[in-house]
Amino acid sequence: MKTFTNANPKDIREAITLLSRGNASIVGGGSDLLGMVKERLMSPDVLVNLKSIRGLDKVETQSGKMKIGGLITLDALSHDAQIRKNYAVLAEAAESVGTPQIRNAGTLAGNVCQRPWCWYYRNGFPCLKNGGDKCFSASGENQLHAIFGGGPSYIVHPSDTAPALVALDAEFHVSGPSGDRVIPAGQFFQLPRVDAARENVLAPDDVLVAITLPAARPGVRSTYHKVLDREAWTHAVVSVAMVLEMDKQICRSARIVLGGVAPIPWRLPRVEAMLAGQRITPELAAKAGEAAIVGARPLAKNKYKVPLTQNVVKRTLLSLA
Amino acid sequence: MSVTPLKTVGHPTQRIDAVKRVTGTATYTGDIQVPGMLYARVLRSPHAHARIRKIDTSKAQALPGVKAILTRENCDIVWSSGDTRNKRYLFNNPVRFAGDAVAAIAATDRHIAEEAMRQIEVDYEVLPFVLDPEHALKSDAFAIQPGGNLSPNAKGQHEPDIFRHGDIDRGLTTADRVFEDHYTSVHINNAQLEMRVSIAQWDGDKLTVYASTQGISNCRTDIAKDLQMPLEKVRVVCQFMGGGFGNKNQCHDFDLMAAMLSKSAGLPVKLEFTRKEDYVAVHGRWPTKQYYKIGVAKDGTLTGIQLRGYSGMGPYRKGAGGIAGVELYQCPNVETTIYPVYTNMAVSANLRGPAYPQGIFGIESLMDHIAYELKIDPLEFRLKNMTRKYHDELPFTSNGLEDCIRRGADAFEWKKRWHAAGVGAGPVKRGAGMAMGAFGSAVGRSSAVVKLDGSGKYHLHVGVTDVGTAAKTTMGLIAAEELGVPLEKIEVISGDTALCPYSVGESGSRTTTHTGYAVVQAAKDLKRQIAEKGLPQGSEVLTASVNADPAQPKDAARYSFAAHFAEVEVDTETGHVRVIKYVAAHDSGRIINPLTCASQVKGGATMGIGMALHEELLYDRQTGVPLTAGYYGARVMTHRDTPDVEVLFVETEDAYGPFGAKSIGESTIVPSVAAVGNAIFNAIGRRVKDLPITRDKVLGVLA
């Protein structure tokens, strides 16, 4: 581990100033960051500790909307009664992350901004994510890699909460040197063809301060279904975040976002359109599953993810019907 | 079958050090701080195979706080137990796997040592590498060691290990049907909780090593041998250790590195590994490729078993490399040909039941398949063909295998759970499978000292380290039984060569049978002394010291046996497999401590399930670099993956060992992998033949 200094800013502006000086990293829960520093995947000079700023972990209701501080722990998020009731997909996604220890330390913003868990990146290969010019998974061990949206990097986005937030149509409150801005969840994440080194639009001196969820509506049902390679402590092989607005048995609108299959949370607009105004039947669910995998481009060793995605979409839909 | 109850032995007993272990007051090697101690790190090859043209340590040497650096240029010590065929130096050139040691650094703190590691400049000439043991034998494969990639046998001949019994050609030509198939297994790591650490401290020409070892005696002997020191100048201490599962036998290169760094720096040195290093730089289980031909008569009687197998040993021959399991079957004609092969993967050697779980996976999968093809209940097929004599010739000193199968089947409700393969309705299918297992349970040389002081307290000195098996407690119970006193009266002194006599080392599931036997003999001797001299008074101490070397069974083989039963749920839409019921029946002779013995079975079955379903040290084929080192990547079992393992003991009477105890530790993993695989077949009617049985493979065979 390279030595670094720890800075405890009193407010977000001070944090941004510290970040602007260069080679600094935000530390929230630190559950992943410290490991990366130890492995020298990151070598910051300064860690800007956001836990020194009060109130960044609050959940509050503002004119019906739910505002969640980025520093809330995944454990607190998954146990929040209102979130469990009105935004089940997010609570379930948070609950599915890592292990109890990780959820006790890890934060919502940290989970959303988590770096990829591609084994080439994490083992320090000189890949696109590590400043190199090659994605080793393309012709290598790509069992866990992207079937949608890949190229030139084929990582999958590692976050469980991110697909849930895109499915909920959340807004991300970002503060940076030039002020505050609000970014729709769907525009926060960025494909590798835009910039293969990064997974989202944040600049190094931006802070994801809070996330707002739209006001709860009656008839909304949501869930997060995650397929793991063992019963705990893996990232999603495939996951589905699904939010349906139901009117009795009829689906008024749907938002479906996949995790584990693409470099960003992968929305399925075609499937969403198919469901609008329809009664969810086993036949429709099967068709939705088929539509979910249209355009999938598996690599040599991840072809299984295609039928897996199809089945998980079908099943998740039926579970909400 | 059952054994006569005893007073102290055979009753569930809490470990004598349980409270210390769970309250954090036990001092493990990593907890030890020696005043003035330096910290050491090891620089490792990033390449699977490379020649070192030049190493420049000058920048590292110049860093304030760096006290010693070892490379091949200033250290040519041979680590003799690291390779039993070729000379393996502490630092090798060429380096032969990604993780092979290049340099070791001692500095005043960990950060400086790590920084120094980065400042060492190494100029590598990258060489061709090979990962697959079968490919490594092809004529165009680059030779990893002199003499080629087929590792020589003990006589130095580059020939495979061949076992023949009867006439295999006859066995296959006279069969009504011959089944041919192949199975593979991968490299997995021992994944013990405690990472590698070694602390070396010199006092003049005397060396003390605080090791994390499964055997203080072996470790000491090896260190003395490799450093060319008289045995009495070396002391090895390990009073609490956090697991090894076979990869902490003997001394290790890092013990020797710590000693040499300490000698060079003139200060004590603590050398520590990271988890990733622990995964790649010590050793794990050898991957195998197994090709079988099995002949059977119409009625299911075996006529011939042929196995050709390849074991990937990594670039150094540290382990035997066998593929075991064929001997579980009674068959007149057997031929096994095993090729232990050098590859550029991490070294492979002992991991709980070294040659067994992967071999049993192969043979027990194919036998299960033959039973399926012949429309015989696989349990009946085993009862018909199971071994009743070792290699068809030698009787066993005791054989509870049939009882394990029958009683295990009853407890598991085999008849209710096992069904025609793949017939379940709906996407989630249940299936039941079973497999047999065996593991050698030899008797042999070990030692013990028992003392009785004037206060009436007994002191038992045994050279065990207690690798997690509760060996200290087991030894105490054996002494208490023989002495006829309560366990509380006995203080167990262990884990220090300065205080304890030779012990065999906690490998080969031998501690209870070897050292336990010595404890019985020492206790008997002490009783004789008490009868002769009376109880000691005041400062008097009676001492019984025994070096036991019991005779091997005459014209008989001594084995522990097991049968495991698993029920799984396979989700055919997601490929997800869950073990939902598990019964493990074991014949380990008399059980000394049913509590800790059952823990062994649960642990072994759990490891086996992980090996069956998800564990792997996966390699990148482009670079020969491992990708999944560590608990996260290698998919080691979590609590949530672990089913409730129901344990039952078939206590056979056996004339050898302490009170007739046979061994337990390693037999526990032996049948588990195959039992899970067979259950998956029963659920879905398709067989995955390559470990681990991951989702992609399950969905693949269903597609």
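# A guided tour of chains A and B

Select chain A to begin: its radius of gyration is 19 Å, which agrees with the value near 20 Å that a compact globule of 321 residues would have. The radius is taken over C-alpha atoms, and the globule rule is 2.2 Å times the number of residues to the power 0.38. The model is predicted: local features need pLDDT of at least 70, side-chain atom pairs count only at pLDDT 80 or more, and totals for chains, interfaces and linings use all residues. Residues are numbered from 1 along each chain as its sequence is written, while chains are lettered from A and ligands numbered from 1 in the order in which they are written.

**Chain A as a whole**

With chain A still selected, the C-alpha trace spans about 60 × 50 × 35 Å along the principal axes. Of the 321 residues in chain A, 51% are buried. A residue counts as buried if 20 or more other C-beta atoms lie within 10 Å of its own, as exposed if 12 or fewer do, and as partly exposed in between, with C-beta atoms placed from the backbone. Among contacts in chain A between residues at least 6 apart in sequence, 64% join residues at least 24 apart; a contact requires the two C-beta atoms, placed from the backbone, to lie within 7 Å.

**The domains of chain A**

Next, colour chain A by domain: domain 1 (5-52), domain 2 (59-114 + 154-213) and domain 3 (220-320). Such bounds come from an automatic or database domain assignment. The C-alpha centres of domain 1 and domain 2 of chain A are 18 Å apart. Their contact involves 13 residues from domain 1 of chain A and 16 residues from domain 2 of chain A. On the domain 1 side, helix α1 (residues 12-20) of chain A supplies the largest share, five residues. That side divides into six nonpolar, five polar and two charged residues. Here Ala, Val, Leu, Ile, Met, Phe, Trp, Tyr, Cys and Pro count as nonpolar, Asp, Glu, Lys and Arg as charged, and the others, Gly among them, as polar.

**Between the chains**

Now display both chains and select their contact, to which chain A gives 23 residues and chain B 24 residues. Helix α13 (residues 305-320) of chain A contributes the largest share of the chain A side, five residues. By class, the chain A side holds eleven nonpolar, seven polar and five charged residues.

**Chain B**

Move to chain B, which has 17 helices and 24 strands. Its radius of gyration is 26 Å, close to the 27 Å that the globule rule gives for 703 residues, so chain B is as compact as a globular protein of that length. The C-alpha atoms of chain B fill a box of roughly 75 × 75 × 45 Å along the principal axes, and 60% of its 703 residues count as buried.

Select domain 2 (284-442 + 555-702) and domain 3 (443-548) of chain B. Their C-alpha centres are separated by 35 Å, and 19 residues of domain 2 of chain B touch 18 residues of domain 3 of chain B.

Finish at helix α15 (residues 594-613) of chain B, whose 20 residues reach 28 Å from first C-alpha to last, close to the 28 Å expected at 1.5 Å a residue. The expected span is 1.5 Å times one less than the number of residues. Of the 20 residues of α15(B), 16 are buried.

Terms used: Helices (H or I, at least four residues) and strands (E, at least two) are DSSP runs, numbered from the N terminus.
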